[in-house]
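Welcome! Let us walk through this structure together, one question at a time.

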Amino acid sequence: MSLASIARRTFLAQAASLLASSISVPLLADDDADQPVPSAGTLLKGLEPFDALMRQFCQKYQPLGASLAVAYRGKLKFAKGYGHADLARQEVVEPTSLFRIASLSKPVTATAVMKLVEDGQVELDQPILPLLPIDYEPADARMKEVTIRQCLQHTAGFDTSASGDPFAMSGLVRWKLGVEYPLEKKDVLRFALTRKLDFEPGTKHVYANVGYLMLGLMIEKVSRLSYEQYVRTAILSPLGIKRMRLAKTLPKDRADGEVQYRDSKGRTGRSVMGLKETDPVPFPYGIERIENLAAVGGWLASSVDMVRFASGLFFPPAKEVLTRKTLQSMFAPPEIAGEEKPRGNQAYYACGWLVRSAKGDVLPWTCWHNGSLTGVSSLMVSRADGVTWAVLFNQDSTPDGTAYATKIDGPLHAPASEIKNWPEKDLFADYL
């Protein structure tokens, strides 16, 4: 699924299908299973239901490859890869295989922003525009009042269903600004700011990527480091995550251990990388420039990395990344003019996460995020009972057009809830 297609929906509408399934969802039928699914990795005793589910799922829906990691209260219990990282070479997905994670990058960016807030370098409710590396006026004067918090919560006034997603409009950006391919992040931002906002900031939630583009550029200006360097230093290194990095578009720049990507529709098109001799290119390798996504959806990570990140916020391996007070602020419901605050377990989008309040014996919320790009489907969940998982696919959708992450979401809650006696051993030392 491309950015253009996902931009035509609001994220909460998509999220309604995620985590909406009860734990009674039956195990998927395996009528189509006729070939064993290659796999690699480790699971502790008692975690076999996760393995059975993933094998059955892969046999039925035939993704190119997948990776699942599961932790309980900050300790890794399951880490396995399924299917192929490279089909031509018959390379099997490993637990440490790197995937484009798409919008799972947003919780990473949000955590970095909250670190700046915690350190007193910015405030959530200050306008973001003066913190951006720009020397021009936005077309809409209301943009000057848009805050950091509104960008984090997707209430900043951008509605991609109304005006489109600039990341998926490379040709128009190029023509409007009179620049050449490949576009840079500054080009995408400048184009976005030449247009009027779609609604009054702070009056509703609409999932949009431009706010996170601005947050990434703000991090660079405030920290005086590159976005990647700041995230590595402030967030990833304290958690022992060493292999995460920003993705590259072209196959020649594929990272060591990175999987290949399959567009479920097998499409090709004109490259936006400025390399005309390469046209046409497969959609995952040049229809959108992933370097520009960065803070929006540009990270490479393994499922183990993402589980360490999510579980490490609540169960830090050493010094905490964010204090409990900062976490409470990060996961607080948004205050949207004219709307009541979420009640009970109603889902809402906080600062970089979808959240559902809960009365868990460990955490006061269940939080999650999913991601989608052409050739990519991803999901990360951290439940109130202390169970955290990340599942990554290097193919975007099943034959019926459903994102793999959406299809696997409900079934994964069953084994997570059935296991009552979690083994003590921690596998993080084996895989980080």
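Helices (H or I, at least four residues) and strands (E, at least two) are DSSP runs, numbered from the N terminus. This is a predicted model, in which local features need pLDDT of at least 70, side-chain atom pairs count only at pLDDT 80 or more, and totals for chains, interfaces and linings use all residues. Residues are numbered from 1 along each chain as its sequence is written, and side-chain values use heavy atoms, with hydrogens and water left out.

Q: Where is Pro130 found?
A: Look between two helices, H4 (105–118) and H5 (148–153). Pro130 is found in the loop between H4 and H5.

Q: Is Pro130 buried or exposed?
A: Buried means under 20% relative accessible area, exposed over 50%, and partly exposed in between (1.4 Å probe, protein chains only). Pro130 has a relative accessible area of 57%, so Pro130 is exposed.

Q: What distance separates the C-alpha atoms of Pro130 and Lys45?
A: Along the chain, Pro130 and Lys45 are 85 residues apart.

Q: How many helices and strands does the protein have?
A: Both kinds of element are present in the protein. The count is 15 helices and 14 strands.

Q: What radius of gyration does the protein have?
A: The radius of gyration is taken over C-alpha atoms, and the globule rule is 2.2 Å times the number of residues to the power 0.38. For 432 residues, a compact globule would come out near 22 Å. The protein agrees with this, having 21 Å.

Q: What percentage of the residues of the protein count as buried?
A: The C-alpha atoms fill a box of roughly 60 × 55 × 35 Å, taken along the principal axes. Of the 432 residues in the protein, the buried share is 59%.

Q: How are H7 and H8 oriented to each other?
A: Axes are lines fitted to C-alpha atoms, for helices over the stretch in contact, and angles run from 0 to 180 degrees between N-to-C directions. H7 (170–177) and H8 (185–193) pack at about 80°, with their axes 10 Å apart. Angles under 35 degrees count as roughly parallel, over 145 as roughly antiparallel, 65 to 115 as roughly perpendicular and the rest as oblique. H7 and H8 are therefore roughly perpendicular.

Q: Which residues of H8 meet H9?
A: H8 and H9 (210–223) pack at an angle of about 130°, with axes 10 Å apart, and are therefore oblique to each other. Contact means heavy atoms within 4.5 Å. On the H9 side are Val210, Leu213, Met214 and Leu217, and these meet, in H8, Lys185, Val188, Leu189 and Ala192.

Q: Which peptide bond is cis, with omega near -5°?
A: Turn to the loop between H7 and H8, where Pro182 is found. The cis bond runs from Tyr181 to Pro182.

Q: What is phi of Gln90?
A: Gln90 lies in the loop between strands S3 (75–86) and S4 (91–92), and is exposed, with a relative accessible area of 52%. Its phi is positive, in a residue other than glycine, and is near 55°.

Q: What is the relative accessibility of Arg224?
A: Arg224 is found in the loop between H9 and H10 (227–236). Although not a glycine, Arg224 has a positive phi of about 60°. Arg224 counts as exposed, because its relative accessibility is 77%.
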